[in-house]
Amino acid sequence: MSMTATAGRAHADPHHIGLVIEHPGPAPKRIVTAYGFWIFLLSDIVMFSCFFAAYAVLADQTAGGPKGSEIFDQRNVAIETVCLLLSSFTCGMASIAADVRNRFWFYLGMAVTCLLGLIFLVIEFREFADLVARGYGPSRSAFLTSFFSLVGCHGLHVSAGILWLLTMMAQVFAKGFRADVLRRMMCFALFWHALDIVWVGVFSVVYLLGSGV
Amino acid sequence: MLGKLDWSAIPFDQPIPLIAGAVVLVGILAVLAWVVVKGHLPYLWHEWITSVDHKRIGVMYILLASVMLLRGGSDAIMMRIQQAVAYQSQGYLPPEHYNQIFSAHGTIMIFFVAMPFVIGLMNLIVPLQLGVRDVAFPTLNSVGFWLTATGALLVNLSLVIGEFARTGWLAFPPLSELSYSPGVGVDYYAWSLQISGVGTLVAGINLVTTVLKLRTKGMNYLRMPMFCWTTLASNLLIVAAFPILTATLAMLLLDRYLGFHFFTNEAGGNVMMFMNLIWAWGHPEVYILVLPAFGIFSEVVSTFSGKALFGYRSMVLATMAICIISFMVWLHHFFTMGAGPDVNAIFGIASMIIAIPTGVKIYNWLFTMYGGRIRFETPMLWSIGFMVTFIIGGLTGVLVAVPPADFVLHNSMFLVAHFHNVIIGGVLFGAFAGFEYWFPKAFGFRLDDRWGKAAFWFTFLGFYVTFIPLYVAGMLGMTRRMQHYDVAAWRPWMLVAAVGMAVLTVGVICQIVQIVVSIRNREALRDRTGDPWDGRSLEWATSSPPPVFNFAFNPDVRGEDAYWDLKAHAKQQSLDHDAPEYHDIEMPRNSPTGFVCAFFATVMGFALIWHIWWMVILGGIGAFATFVVFAWRDHDEYVIPADEVAAIDRVNLEERRNLVSMAGTI
Ligand code: HEM
Ligand SMILES: [Cu+2]
């Protein structure tokens, strides 16, 4: 019977004007998952914006402590940036490998991504440790507070990304390129690229502007 | 070993929270014991706690909200009594206890009553209205609910273990900083909101994706019921605003735990930054709450007027306009803090502009009623009560949005009256309207009409008797959050407000009685048609309660008011149909993930509040393990075979055929 199968009729649409593009029904799972994850990423970026805003407000509040130009090491930041941008590339390679079901290139791409991410984290950690050792920890001034929080928040995301990356490798190892594993891989890739974009923001706003370049 | 936790955390010297806590504890233990002894535990576990069915999760949200409404309500009663008796005396509450009560009251009412209530209703109804089987991410949905429950649990724990914040429901620094609030109160506040905030964000992402990506065939944007539109708008606001709250609270926590200087008075911290951030979340938050209520009223008014919603497209436009403008007015919450006349003027005008789309809505509801065949059922009463009440609230809102007026009224009882006017008269009335309206859909029987109407009238009158005096007291210069006062002119108004509170309480009792009576008489109140109100949208096209899969077929929508149209169509045409061909249906499997997640979140939250670091680590590991186990699952769906679908659906079809042949007599 057509009762639940067909609800309403075209002429019943009082505002029907011109061409109506008929909605085809629920989207496939892959699209739904990616779409939801995109929205999550947008919300995450809103959260980052708050830390960016806080940084912008507090950047000059050094309370007699060091200014940005006195503590930033351009060379380190350059290496970090290169690592992260490269890792986005290798992550892309891994995604392609997953799409064509090539295990070798997938593992290789993910392993290099992981390695680059770890190098990034180590450099960042050393920068933090060094600052704290010199007495320039986050409680020294509002500027340092906002600096450590913004950069640290990104770093935390990268750490979580690496944990996720390892889980993905393990999943492909144990379960192969199953549809749900591929969906997760897609989300992971989105996440990793988004972190790259956020880093470009951090790099420009904190390090470039902060050192007066 | 136990961080800051020791015996002094339990307030042995304060009888009120201790007794309240004991009563609650005994209540919980009694319910648990009853459940276990009666052998209901497996049923609860399999059918509810681990359920990922959007309808069940919706019901659980509403249950949580209702329980917390009683808790928040008892706080309100205590405050009204205090202000009634605390004239030229200390009253019966010590000041620091009073401060905790108003902080807990605001926090609970916004985060654990209003939010779960509207999210619950959206969860319950939106997939049905869209003609789909579930929300986009069913397991995540359960995680979201249980995290909200964790937040509520932590707030209630603070009653007997430690203390709650004394800083108001938004914890303004520097009062909420460590130097002024060294206790665990603010930590309870911040962690419970952080945890439940994650839950809310998850729900928001879920519902946005559901509305945008899961609509059934033919459900174009301009055929979606109004409630789906306001759900979309509200959840877009959640996704955009809740991360701001998360970031703000994270900053406050960093200040408190690690000596950071975001909002401190020292080392360059900036208190105004907190104001900006918290209200950039806070103003959209009030629209997150009220937009779904607007959607409910739209559904109710058109159903009970027997007419299509007047000005559907302008309604959609107004909804989206409110969604956007609500993000541009946050500064009206601190006109008095020295932003300067230009900034104040701009934000004042922006605030008033919201009144325009809101007005459009009110007119549309009125025009929908105009010329309709109005039935004054309980949901309709709540809607009409809302319209009257909300107009007053909106007008006083526009008044406080005038900066010079706000310099007089800011932080006064007038403000308290304003926002209760809009939140009770808007959000809560909407929630009650939705509750009465969709209850038969969720449970298959109606609520008792007489008790429902009694509940409405007592609440409605009680509301006015309680809050109109607060407007007056505000005009007379009474500021908010007073523990006691010496001004004789305020006294009578406080007494009247206390009487109003008593009337409101009768309203609440009526509502409870209504539920009890209705459950008792459920056989008599049973609705077999699935369509007790002669409804217009797709949720009425399926049986009540709907089967797990909602619809045996994905409905194919050809116009607005999909189900109404179908009934009209069916009446004209003969009703003999070919036997439909049923297919297997895949549904998501139940999962304990949400519950387990919330368990670890509770452990972690509690440990963080009390600085019990080993427990924090344990909770963290547990949470990560849950995630891995969840990600490792192999089968997350099960199949309902076609014959079973057929068997379930035939019953529904039979009822519906009877309904249609009787149509016109309703
Ligand atoms: C035409 C619509 C509205 C306007 C122009 C408006 C304006 C305002 C203004 C200017 C304030 C701040 C006053 C002060 O702090 O001195 C305020 C406070 C408040 N409003 Fe509204 N409002 C409107 C609608 C709403 C709605 C729909 C809700 C909730 C559903 C709401 C909830 C609140 C709350 C909770 C506060 C108090 C916040 C606090 O604790 O300080 N308002 N409103
Ligand atoms: Cu506002």
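Tutor: Tyr464(B) is buried, with a relative accessible area of 17%; buried means under 20%, exposed over 50% and partly exposed in between, with a 1.4 Å probe and protein chains only. The model is predicted, so local features need pLDDT of at least 70 and side-chain atom pairs pLDDT 80 or more, while totals for chains, interfaces and linings use all residues. Residues are numbered from 1 along each chain, chains are lettered from A and ligands numbered from 1 as written, and side-chain values use heavy atoms, without hydrogens and water.

Student: What separates Phe460(B) and Tyr464(B) in helix 15 of chain B?

Tutor: Phe460(B) and Tyr464(B) form an edge-to-face aromatic pair, 5.0 Å centre to centre with 65° between the planes. Rings of Phe, Tyr and Trp (its six-membered ring) pair if their centres lie within 6.5 Å; planes under 30 degrees apart are stacked, over 60 edge-to-face and the rest tilted. Because the two residues are four apart in helix 15 (residues 449–475), the separation is about one helical turn.

Student: Which residue is the only protein donor of the iron atom of ligand 1?

Tutor: Donors are N, O and S atoms within 2.8 Å of the metal (3.2 Å for Na, K and Ca); water is not among the atoms, so sites may look incomplete. The NE2 atom at 2.3 Å from the iron is the only protein donor, and it belongs to His418(B).

Student: Which helix of chain B gives the most residues to the shell around ligand 1?

Tutor: A residue is near a molecule if one of its heavy atoms lies within 4 Å of it. His418(B), one of the nearest of the 22 residues around ligand 1, is found in helix 14 of chain B. Helices are DSSP runs (H or I, at least four residues) and strands are runs of E (at least two), numbered from the N terminus. With six residues, the element that gives the most is helix 14.

Student: How far from an oxygen atom of ligand 1 is a polar side-chain atom of Arg480(B)?

Tutor: Arg480(B) is also among the residues that come nearest to ligand 1. A polar side-chain atom of Arg480(B) and an oxygen atom of ligand 1 are separated by 2.9 Å.

Student: How far apart are the iron atom of ligand 1 and the copper ion?

Tutor: The copper ion is ligand 2. Its distance from the iron atom of ligand 1 is 4.7 Å.

Definitions and conventions. A polar contact is a pair of N or O atoms within 3.5 Å; within protein, one must be able to donate a hydrogen and the other to accept it, and residues adjacent in sequence count only if both atoms are side-chain atoms.
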